[in-house]
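Look over the sequence and the fold first, then read the notes below.

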Amino acid sequence: MNFKKTIFSALATLFLVSPVLAELVFPSLSYRTGPYGPNGIPFADGYEDYFTLLNERDGGLGGEPIRVVKCETAYNTEKGVECYESTKGEGSLVYQPLSTGITYQLIPKSAADSIPILSSGYGRTSGRNGKVFKWVFNFPGTYWDAASIATKHAMDMSGGSLEGKKIALVYHNSAYGKEPIRTLEALSEKHKFELSLLPVDHPGQEQKSQWLQIRRERPDYIFMWGWGVMNSVAIQEAANIRFPMENFIGVWWSGSENDVLPAGDAAHGYKSLAMHAPGDNFPVYDDMRKFVIDKGLGAGDGSNVGTVLYSRGMYAAIMATEAAKTAQKIHGVSKITPTMMRDGLENLEMSEEKMAAIGIAGFSPTFKATCENHGGQGSAAIQQWDAKKGTWSFITEYMNSDASVIEPLILADSAQYAAENNIKERCN
Amino acid sequence: MLYREVGEFKTSYAQDSQTFPIRFDRYRYYFVIIVGLLFIPFVINDYWANAVFLPFLIYAIAALGLNILTGYCGQVSLGTGGFMAVGAYASYKLMTAFPDLNIFFVIILSGFVTALVGTLFGLPSLRIKGFYLAVATLAAQFFLIWLFNKVGWFYNYSATGMITSPSRSVGSFFITGSESTPAAKYLFCFLFVFLLAWVARNLTRGKIGRSWMAIRDMDIAAEIIGVNPLIAKLSAFAISSFYVGVAGALFFSVYLGAVEPTEAFSIQKSFIVLFMVIIGGLGSIFGSFAGAAFMVLMPVALKNLLVLQFGWSVDIAAHFEFIIIGGLIIFFLIVEPHGLAQLWNLLKQKLRIWPFPY
Amino acid sequence: MSADFLYTIEVILNGLMAGVLYSLVALGFVLIFKASGIFNYAQGVMALFAALTLVGLQEGRVPFAHLINAVFGTKVHHFDWTLPAIAAIIFTILVMVLFAVLVEKLILKHLVNQEPIILFMATIGLAYFMEGFGDLMWGSDVKTLNVGIPQGGSLWFEDFTIGWAAEGEKFYGMYVDLLDVWAAIIAISLVLFLTVFSQYTKSGRALRAVADDHQAALSVGISLRVIWVLVWSISGFVALVAGMMWGAKSGVQFSLSLIALKALPVLMLGGFTSIPGAIVGGLIIGAGEKLFEFFMAPIIGGATENWFAYVLALLFLVFRPQGLFGEKIIERV
């Protein structure tokens with residue numbers, strides 16, 4: 001962005017109607033400002049850099065160049081709506097807003113406009129039910145999968161049974177944080193553990209009461225559904241009361257470097273769920289550095305490459321582009337429309353071979369979306385923080401969630417939505 | 001030249017006390033109404049409706065409401081976000097409990113519910129004044145949001161506490177839900193804005209409006225000349241909350257369609273509506289509109305200018321948005337502390353004697 | 001002693017220390033309100049800005065790096081020096097003084113004798129400006145602040161108190177956070193310093209004179225503008241201390257500016273014009289909200305702290321409309 005160019009482009013847009021180019025448009029509704037900006041930045045960097053990589057290395061997707069339309073939401077729903085409306089006319093293929101609140105806004109809107117939403121690991125959990133939510137996808141896993149997998153890990157740690165144990169859920173007191181409660185309640189009945197709920201208000205800087213309560217009640221495990229500053233404060237407070245860190249498990253949004261670094265050494269041993277592998281030990285990162293970062297084309301200053309949230313953003317972009325490739329294959333055209341993109345998402349299969357071809361072998365779980373199932377198999381692994389080395393590492397394989405608990409909950413929730421909005425079930 | 005009262009002869013009291021005594025003003029007003037009713041609905045698209053007109057109209061209602069309380073009655077309130085949430089949740093409960101009730105009445109009833117709650121939280125105003133009252137109304141803000149977030153009944157025990165507005169229509173036109181058209185939503189809100197602004201204008205120049213202004217200027221003096229502070233203050237709280245409640249109901253059901261209380265109706269909402277009122281002009285109907293326009297359109301316009309025209313990266317543009325808006329607020333206050341409405345009046349004064357100022 | 005009783009004491013103790021942190025933020029408000037009648041909404045953002053500047057200087061970050069890189073296509077981010085904490089603190093204080101001078105020159109000077117709500121609005125504009133400016137200058141990523149304040153639970157205190165409970169009770173000793181203890185000590189010394197300053201120095205006396213009566217102070221030759229620069233500098237300093245304490249806890253990031261909201265009920269309760277009021281108010285709010293959460297959370301659910309502080313303050317106000325220590329409001333017709 002130099003100013004001469006700026007002035008020229010300003011003049012150009014004033015006098016010329018920009019020609020319609022044959023290109024694939026991926027909107028990036030990012031938040032690089034506001035209270036959740038520190039987490040939004042690496043995600044957006046990873047998301048945008050991957051598209052740049054494809055353009056630089058492969059010349060786009062199937063011969064079509066990719067254009068990323070950026071819009072700043074500041075994690076604010078009203079701005080999110082403005083961004084959606086202003087970018088949808090550009091031929092946007094799929095929306096990934098990285099905000100549960102904005103996703104809820106967009107679900108009815110995007111269905112009316114026939115543009116798919118991919119909310120990987122956030123958003124409306126029952127969007128997994130493709131029979132009701134035709135335009136919503138949330139593979140590779142949902143919050144409810146996460147709750148189930150965290151419980152499973154806790155169960156493994158206590159020798160196969162949680163009977164009589166106490167689990168505390170520390171959660172962001174918003175729609176996002178409340179998501180796992182219903183599942184955990186169902187699980188606590190099934191596995192006979194005691195569940196206590198500890199809400200933390202936005203933004204979450206003051207958590208003394210919650211942690212004093214934890215200190216008194218001595219739960220065996222703590223799960224956390226946090227975002228932003230709440231994560232780092234919680235980890236700090238847990239360390240302060242000398243809670244055993246290996247029994248403290250965060251959701252995948254509570255497991256980035258931003259969350260553990262402020263607590264320093266005290267965060268050693270903290271665990272979180274992960275929907276993809278940590279670290280930058282994958283061939284795709286070599287390409288990323290070679291074609292994007294070293295050429296100075298990165299969306300950020302390059303310092304985020306390889307961090308958890310950067311990888312998360314890149315993974316989101318990978319799933320979107322793989323779906324676009326699938327759509328190109330199904331329809332036999334390279335210039336796909338949002339409707340074709342939806343078909344691509346619905347038939348997306350992430351197999352080991354495919355991931356190896358992209359340069360991310362073993363990076364994320366394999367899954368296959370179907371007409372009924374828009375959420376994949378619901379698998380995640382557990383990663384642990386090593387404060388001395390400053391790295392996350394996997395301590396388990398990818399595990400699947402307990403479908404017998406989650407399926408009925410998803411059916412009930414999506415049935416309610418279908419009834420409220422007169423939606424007929426598809427895929428029959 | 002065009003804008004002057006010369007040659008207009010008023011022959012009745014009603015003519016003399018009309019809102020727009022100058023012919024040019026009157027025509028301009030008719031022009032705005034006609035454009036708003038007959039032109040915009042035919043050209044409006046999703047972007048203009050959802051990014052510009054709906055937020056502008058809805059915030060204008062909220063600003064009108066807060067202006068009644070703060071601008072006319074002098075009671076500073078920071079509970080607007082909480083009261084908007086009351087309107088939103090009341091409309092949600094009414095819509096789901098009585099599916100056959102017309103959306104128009106749902107919105108009106110939500111306004112009444114909010115008026116009731118607002119009156120209740122207005123009670124401390126009888127003892128507490130100034131900034132103390134402003135901070136005291138924050139109690140309403142935080143308590144109400146907590147309540148809506150906590151008690152399952154308010155959100156029909158949905159898994160996340162998020163409320164989603166079901167589809168409702170007036171006649172065959174869908175106003176809420178995914179099938180609604182931008183024109184229908186726009187006209188629905190326009191109707192409310194028109195009605196409520198008309199009511200506000202007439203309330204504020206009637207007996208009750210004068211009693212509010214008496215309280216604002218000096219409450220003890222007002223009491224001595226026979227204004228009942230209990231009735232004046234509580235009526236201001238009730239009517240203001242009615243407006244804010246209607247705005248909240250529209251905000252949820254027509255504009256956003258799905259909200260969670262902690263984000264959509266946070267303390268930030270209260271501040272933004274207060275900014276609108278102060279920047280627009282305290283105690284001015286026009287000011288409410290001008291303030292709403294400034295706070296809603298300015299960020300959108302800046303974003304479009306900086307990002308789309310100048311090609312700046314979105315985050316730098318977002319930072320500059322804050323810097324520019326903050327700078328403009330200070331600039332306007334220094335130039336004219338009584339808000340955009342006062343600037344507008346000065347302009348009109350100049351226009352009256354233009355082009356021969358002497 | 002029963003464990004419940006001891007836990008109650010523990011909650012009160014922690015509440016009091018949280019309260020001291022609230023007071024620290026509230027102090028900044030009170031200083032400015034007393035001297036100029038301005039309700040300074042930007043106080044929270046000032047704390048953020050001060051903390052950002054401190055970290056930025058300490059780590060040798062290049063200000064406006066992001067903007068410079070975007071405009072000139074360079075790749076600067078850090079200078080090749082770092083500063084020791086104490087030097088960075090001193091430079092940050094200088095920056096805050098410069099900030100105070102600019103605020104006076106560019107804003108306050110032009111708004112003399114305006115209504116309080118207009119001045120309040122101007123500080124909101126200032127807050128917006130600083131929010132964008134601070135992020136643009138130092139970037140919006142999370143920054144770790146380390147000025148050498150110890151952190152973590154005090155083991156000594158835990159061991160010391162663990163024997164107090166009766167045999168067989170589930171009691172694990174009392175918990176205090178060292179950071180909170182330090183914050184309390186720093187806050188108390190800050191208040192002592194401010195008291196001494198305003199009682200025994202010439203400018204302190206001038207400050208009090210201005211607080212009592214602007215007109216009278218002007219007529220005896222006190223320069224209002226100098227006083228304003230002075231109070232804004234002092235409250236900038238207080239903001240720095242508050243920003244340091246909270247920043248050490250949670251990392252320095254945007255959310256720091258929201259701590260201003262925690263100070264508002266303290267102000268209501270203590271009165272806008274009283275320094276002791278800010279301290280006592282903070283203590284009452286801190287202990288009150290933690291106790292309420294302790295007793296009521298099992299019954300009505302948690303996260304009550306935000307609203308309870310305000311409701312508590314509201315209850316006080318109904319009986320004393322000027323706050324606990326506020327000057328009596330005298331109205332003349």
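The expected span of a helix is 1.5 Å times one less than its number of residues. Helices (H or I, at least four residues) and strands (E, at least two) are DSSP runs, numbered from the N terminus. This is a predicted model, in which local features need pLDDT of at least 70, side-chain atom pairs count only at pLDDT 80 or more, and totals for chains, interfaces and linings use all residues. Residues are numbered from 1 along each chain as its sequence is written, while chains are lettered from A and ligands numbered from 1 in the order in which they are written.

**Confidence**

- The model has an ipTM of 0.88 and a pTM of 0.92.
- pLDDT is the predictor's confidence in each residue, from 0 to 100.
- Chain C averages a pLDDT of 86, with 99% of its residues at 70 or more.
- Within chain C, helix 3 (residues 65–72) has the lowest confidence, a mean of 81. Helix 4 (residues 85–106) of chain C has the highest, at 93.

**Chain A overall**

- Chain A has 15 helices and 14 strands.
- Its radius of gyration (taken over C-alpha atoms) is 21 Å, close to the 22 Å that the globule rule gives for 428 residues, so chain A is as compact as a globular protein of that length. The globule rule is 2.2 Å times the number of residues to the power 0.38.
- The C-alpha trace of chain A spans about 70 × 50 × 40 Å along its principal axes.
- Of the 428 residues in chain A, 63% are buried. A residue is buried if 20 or more other C-beta atoms lie within 10 Å of its own, exposed if 12 or fewer, and partly exposed in between, with C-beta atoms placed from the backbone.
- Take the contacts in chain A between residues at least 6 apart in sequence: 69% join residues at least 24 apart. Two residues are in contact if their C-beta atoms, placed from the backbone, lie within 7 Å.

**Domains of chain A**

- Chain A splits into domain 1 (23–141 + 281–378) and domain 2 (143–274). These bounds come from an automatic or database domain assignment.
- The domain centres, taken over C-alpha atoms, are 28 Å apart.
- In chain A, 14 residues of domain 1 are in contact with 15 residues of domain 2.
- On the domain 1 side, helix 2, helix 4 (100–113) and helix 12 (308–331) of chain A each give two or more residues. Helix 4 of chain A gives the largest share, three residues.

**Where chain A meets chain C**

- 37 residues of chain A are in contact with 37 residues of chain C.
- On the chain A side, two or more residues come from each of helix 2 (37–58), strand 6 (194–200), helix 8 (208–217) and helix 9 (229–240).
- Helix 9 of chain A provides the largest share, six residues.

- Helix 2 of chain A has 19 of its 22 residues buried, so it is largely enclosed by the rest of the structure.
- Its 22 residues should span 32 Å at 1.5 Å a residue, and its end C-alpha atoms are 31 Å apart, which agrees.
- A:Gly59 follows helix 2 of chain A and has a positive phi, near 70°.
- Helix 13 (residues 305–319) of chain C has 15 residues, which should span 21 Å at 1.5 Å a residue; its end C-alpha atoms are 22 Å apart, which agrees.
- Buried residues of helix 13 of chain C include C:Trp307, C:Phe308, C:Tyr310 and C:Leu314.
- The buried residues of helix 13 of chain C pack against helix 8 of chain A, helix 6 (130–150) of chain B, and helix 11 (260–270) and helix 12 (275–300) of chain C.
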